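Please examine the sequence and the structure shown here before reading on.

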Amino acid sequence: NLSEKLDKALHVLKGHGQITEINVAETTKEVRRALLDADVNFKIAKEFTNRVKEKALGQNVLSSLQPGQLMVKIVKDELTALMGGDSEGINLSGNPSVILMSGLQGSGKTTFSGKLANFLKKKKSKNPLLVACDVYRPAAIDQLHVVGEQIGVPVYSDRDNNDPVAIAKAGIAKAKAEGHNVVIIDTAGRLAVDEKMMNEISDIHKAINPQETLFVVDSMTGQDAVNTAKAFNDVLNFDGVILTKLDGDTRGGAAISIKSVVNKPIKFIGTGEKMEAIDIFYPSRMADRILGMGDVVSLVERAQEQFDEEEARKIQKKIAKNKFGFDDFLGQIQQIKKMGNMKDLMGMIPGAGKALKGLDIDDDAFKHIEAIIYSMTPDERSNPSKLDASRKRRIAKGSGREVQEVNQLLKQFDQMSKMMKMMQGGGGKKMMQMMSG
Ligand code: GDP
Ligand code: MG
């Protein structure tokens, strides 16, 4: 993937005391190849690397003390600039503020409608209403209702009406009547760009004149994403882009291309199927991620948001006193489960992506871990060091797992305790150093 490729390309420079013009040329060539592999448009990739090369030579990379680091910085800064400046929020000036979702079928509109409603409710104390305008698939209406229920946000739908424009208008009227200050309109997409879909979304757009029109795109669609973005932008002149499914293996080639082609800000990213898996888009963090440094800041933020602070403080004390036990570990698992799936989270840790490839970390893995912990006595849970071979055998039997798995869990637990201690003492710095290798 792109991050690995860039990693490799930049590795040549990292730590090298000397750098030659040939070196710069070779590195930029590698960077370009990496961008192309990540489905970045050829022209964009070429312009990008030319700019990097110019900057590198202009800033006298060749004679600087740490040319590798300077080069990495130039690539990162350029990448950040390419994906947009500072993140721009959603326009919430209307009363109600109307937000229209657009995009192909399967891009993640319905899921994101829910995530955004949840986000605005929690972060901005808004009182949103979701409106179901996908009239072609009854299941789509059901889906939005399920989402609404999950996050405690009401959904307006009208199964007897097959005119999305009328439903959208009725939804806004209902919001006004009932005092909702945000209305999120979920629409129908089709598998590919066609006239019918474009006419329909354009009709809705004209009829309701939303404060914010968002284009939702699956980040895994690569080059096609650019063409789709262009088609929607030609018709809607949308305000922002939502990049979904960034939890997968893709590394944001789409982000780079779309921003360059339609010149609209990417506002949010989707990083999982759960309602909490939404993040504000920060170009510099995305650049870090693309460059393989991992999105540590997002990870930390997300963790902070979900962890009960009081609980966290208690745990910190325990870690400091070496009293962190399996009961606490169980509590942590519950928290992690709330945050989204394990792979998403681990994927944000630098270096972990590679290590986890091929490993099957699904939520089922938690069930096994929980079973093992439940088979321990309270005393064993607080004093894992007591677990000798015979105790391990008993626990394995009790939980219906293999002794090997018990051992593995103990090892993981041990590593985790160490890591947490490190995060505490010496702050995040040590952790970052360890992670970035
Ligand atoms: P729509 O047709 O545009 O409304 O798309 P949906 O919201 O129904 O999403 C299509 C599929 O993608 C569903 O299975 C979602 O659970 C999934 N999905 C949406 N966003 C994300 C995301 O950020 N990450 C992952 N892994 N899956 C997502
Ligand atoms: Mg949908």
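The sections below describe the chain as a whole, then some of its helices and loops.

## Basis of the report

This is a predicted model, in which local features need pLDDT of at least 70 and side-chain atom pairs count only at pLDDT 80 or more, while totals for chains, interfaces and linings use all residues. Residues are numbered from 1 along each chain as its sequence is written, and chains are lettered from A and ligands numbered from 1 in the order in which they are written.

## The chain as a whole

The protein chain contains 21 helices and eight strands. Helices (H or I, at least four residues) and strands (E, at least two) are DSSP runs, numbered from the N terminus.

Of its 437 residues, 41% count as buried. A residue is buried if 20 or more other C-beta atoms lie within 10 Å of its own, exposed if 12 or fewer, and partly exposed in between, with C-beta atoms placed from the backbone. Among the contacts in the chain with a separation of 6 or more, 74% join residues 24 or more positions apart; two residues are in contact if their C-beta atoms, placed from the backbone, lie within 7 Å.

Helix α3 (residues 42–58) has 17 residues, which at 1.5 Å a residue should span 24 Å; its end C-alpha atoms are 24 Å apart, in agreement. The expected span is 1.5 Å times one less than the number of residues. In α3, the residues Ala45, Phe48, Thr49, Val52, Lys53 and Ala56 are buried. They cover an arc of only 135° around the axis, so they lie on the same side of α3; the arc is that of the directions from the helix axis to the C-beta atoms. The face turned away from this buried side carries the exposed residues Lys43, Asn50 and Gly58.

In helix α19 (residues 389–399), the buried residues are Lys392, Ile395 and Ser399. Seen down the axis of α19, they fall within an arc of 65° and therefore line one face of the helix. Ala389, Ser390, Arg393 and Lys397 are exposed on the other side of α19.

## Two packed helix pairs

Two packed helices are described by the angle between their axes and the distance between the axes. Axes are lines fitted to C-alpha atoms, for helices over the stretch in contact, and angles run from 0 to 180 degrees between N-to-C directions. The axes of α9 (residues 223–236) and α10 (residues 253–262) come within 9 Å and cross at roughly 35°. The contact involves Ala225, Val226, Ala229, Lys230 and Asn233 of α9, with Ala254, Ser257, Ile258, Val261 and Val262 of α10.

Helices α7 (residues 164–178) and α8 (residues 195–208) pack at an angle of about 30°, their axes 9 Å apart. Here Pro164, Val165, Ala168, Lys169 and Ile172 of α7 meet Glu200, Asp203, Ile204, Ala207 and Ile208 of α8.

Most residues other than glycine have a negative phi, and most peptide bonds are trans. Asparagine 237, in the loop between α9 and β6 (240–244), has a positive phi of about 45°. Asparagine 237 counts as exposed because it has 11 C-beta neighbours inside 10 Å. Asparagine 263, in the loop between α10 and β7 (266–270), has a positive phi near 50°.

The peptide bond from asparagine 95 to proline 96 is cis, with omega near 0°. Proline 96 is placed in the loop between α4 (67–82) and β1 (97–102).
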